[in-house]
Amino acid sequence: MVEHVTEPGWAEVERYLTDVVVRPDAAHQRALASAVEAGMPPIEVAPNAGKLLRMLVQLSGAKRVLEIGTLAGFSSIWMAQGLPDDGTLVTCEFLQQHADVARANVDAAGVGHKVEIRIGAALDTLPMLAGHEPFDFVFIDADKQNDANYLEWAIRLGRAGTVIVMDNVIWDGAILEPERDRLNAPGIVQALEMLGNDPRLDATAIQTVGSKGWDGFAVARVR
Ligand code: DHB
Ligand code: MG
């Protein structure tokens, strides 16, 4: 595992932006507290990133969102809030205990009627989502070894115009020194190369700093 280092100033500025601009609601706070209480790792997206996801869902006019990697449902709440009332978010989670925490959180947030949680390895549950309406928006934030496989599924389950967001594409800079994290960095690099090379995708990648260290996200559009 690569060490994620956060400079004090980055976290302080993020807190300021969260308080002054992002303004998370009680449901977001509840989800964060529940994750701590359940002993889950603090690896959910930062609040400013969560709100960006909500805005991207709204701006794209998405009605069907796919999330790979639920954790406690923090990003699920943000994205479900960006959906119309008859919209759907399908979120894939490996662990039953995480899914239970997420279920309670999306229900408490008043978006539970839009959220379906699929439990198990996403590579096993994603094939079951084929043959339905395509997804308009896909957020990939699970095990990094499978990032390229998840991109492939996002394309397969999407349509021309589907927006794909992938978290953790910088990994404290380890993408340039994969030997620092042989478990995760090679999978991230493989996905970045696919984002740049695959003729079905048009993509960019953005670096970020904050409470989650030095990291970033990619945004892609299916051609
Ligand atoms: C980890 C996973 C994430 O999705 C993230 O945003 C940060 C860290 C991790 O597995 O360490
Ligand atoms: Mg992440």
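Hi everyone, a definition to begin: two strands pair if DSSP finds at least two bridges between them, strands being DSSP runs of E with at least two residues and helices runs of H or I with at least four, numbered from the N terminus.

What you see is a predicted model, where local features need pLDDT of at least 70, side-chain atom pairs count only at pLDDT 80 or more, and totals for chains, interfaces and linings use all residues. Residues are numbered from 1 along each chain as its sequence is written, chains are lettered from A and ligands numbered from 1 in the order written, and side-chain values use heavy atoms, without hydrogens and water.

Now the sheet. It is open and mixed, with seven strands in the order β3-β2-β1-β4-β5-β7-β6. At the edges, β3 (115-119) and β6 (201-210) each pair on one side only.

Look next at β1 (residues 64-68) and β4 (residues 137-140): they run parallel, joined by four bridges. There, I68 of β1 faces I140 in β4.

Helix α3 (residues 47-60) packs on this sheet and touches β1, β4, β5 (163-167) and β7 (213-222), contact being heavy atoms within 4.5 Å. Its direction makes about 160 degrees with that of β4; axes are lines fitted to C-alpha atoms, for helices over the stretch in contact, and angles run from 0 to 180 degrees between N-to-C directions.

Finally, what coordinates the magnesium ion (ligand 2)? D141 (OD), D167 (OD) and N168 (OD1) do, at 2.0 to 2.1 Å. Donors are N, O and S atoms within 2.8 Å of the metal (3.2 Å for Na, K and Ca), and water is not among the atoms, so sites may look incomplete. Along the sequence, the donor residues are spaced D-x25-D-N.
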